[in-house]
Amino acid sequence: MSTLRTRDLIINVPGRPDGLTLNMSIEPGQIWGVLGPNGAGKTTLLHTLAGLLPVRSGQVMLNDSRLKDLKRRDIARQLGLVFQERQDSFPATVMETALIGRHPWLSPWESAQGEDQVRAEQALAALDVDYLADRLLNTLSGGERQRVAIATLMTQNPDIWLLDEPTNHLDLHHQVKVMNLLRDQADGGKAVFMCLHDLNLAARWCSHVLLLYTNGDACWGPVETMLVPEALERLYNQRLMTLQADGVSVFVPAV
């Protein structure tokens, strides 16, 4: 299983001075939630960890190699990303989209085979979109397309899952289903690192949390040490009430 690390990393948020350097290790079996207000750099961090944006300084390491030194195919076999927003430029069915996840494992002129098809079918079923397999992606609702995107990542089967707002557009039932699926992946040895807006999703499902502030400050650690009212109220500039439900803290804005 792969490990993603940052060494003195400063992400490149335009117009913002250098913030705190990030020295984190995202290990197999962990579920990380990245929390912060709009403009704190959550998506920028995620894209930097995926190698899609350059660092301002420092390094992103995939196992013992610098991410920038690796070939994209090698990266894609170990690390996958679900974007917050996607542009569907080409008409494709749901099944064709899910099978894109197998591309890192195929040679340039090789087509998906029976095992690839089975992986895609199983992933679509796990996200409750298997009945849409023959539908064009651009005819689906936002929530259906979000579940197809996660199914595509599941078909890809990387060791490290990076997700930007994975519950975006999802109804309550499918939010829970997706979060349980991510926990199952971590229990199986994957590492999950996702940006979230919902404190309560992080409280219930995450093992670790990274708090990103708009001035570049950051703090991170186990969820029980990070999700405390003092830190969260400073993070969001909002007073909170804390309740308990099934042994888990629930955070509610105080008005």
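Strand β1 supplies three residues to the lining of the largest cavity, the largest share of that lining. Helices (H or I, at least four residues) and strands (E, at least two) are DSSP runs, numbered from the N terminus. The model is a predicted one, in which local features need pLDDT of at least 70 and side-chain atom pairs count only at pLDDT 80 or more, whereas totals for chains, interfaces and linings use all residues. Residues are numbered from 1 along each chain as its sequence is written, and side-chain values use heavy atoms, with hydrogens and water left out.

How is empty space found? Rolling a probe the size of a water molecule over the atoms shows where such space is left. On a 1 Å grid over the protein atoms alone, a cavity is a set of points where a 1.4 Å probe fits but cannot get out, while a pocket is an open set with protein on both sides within 12 Å along at least five of seven lines; lining residues have an atom within 4 Å of a point. Grid points are joined across faces, edges and corners, and a volume is the space filled by probe spheres set on the points.

The volume of the largest cavity is about 130 Å³. Its lining consists of 17 residues, and Ile-11, Arg-16, Gly-19, Leu-20 and Gly-216 lie nearest its centre. By class, this lining of the largest cavity has eleven nonpolar, two polar and four charged residues. Here Ala, Val, Leu, Ile, Met, Phe, Trp, Tyr, Cys and Pro count as nonpolar, Asp, Glu, Lys and Arg as charged, and the others, Gly among them, as polar.

The second largest pocket holds about 220 Å³ of space. Among the residues that line this pocket are Thr-48, Pro-54, Gln-59, Lys-68 and Arg-72. Two elements, β4 and α2 (72-76), each give two or more residues to this lining, and β4 provides the largest share, four residues. The lining of the second largest pocket divides into six nonpolar, four polar and two charged residues.

How many salt bridges does a search of the whole structure find? There are six salt bridges, each being a side-chain nitrogen of Lys or Arg within 4 Å of a carboxyl oxygen of Asp or Glu. One of them joins the side chains of Arg-56 and Asp-18 (3.0 Å, N to O). Because Arg-56 lies in strand β4 (residues 55-62) and Asp-18 in the loop between β1 (4-11) and β2 (25-26), this pair ties together parts that are 38 residues apart in sequence. Arg-56 is partly exposed, with a relative accessible area of 30%; buried means under 20%, exposed over 50%, and partly exposed in between (1.4 Å probe, protein chains only).

Another salt bridge links the side chains of Arg-234 and Asp-217 (3.1 Å, N to O). Arg-234 belongs to helix α9 (residues 229-236) and Asp-217 to the loop between β9 (208-212) and β10 (218-222), so the pair ties together parts that are 17 residues apart in sequence.

Finally, His-169 is placed in the loop between β7 (160-164) and α6 (172-187). Its relative accessibility of 48% makes His-169 partly exposed. Not counting residues up to four places away in sequence, His-169 touches Glu-85, Gly-142 and Gly-143, where contact means heavy atoms within 4.5 Å.
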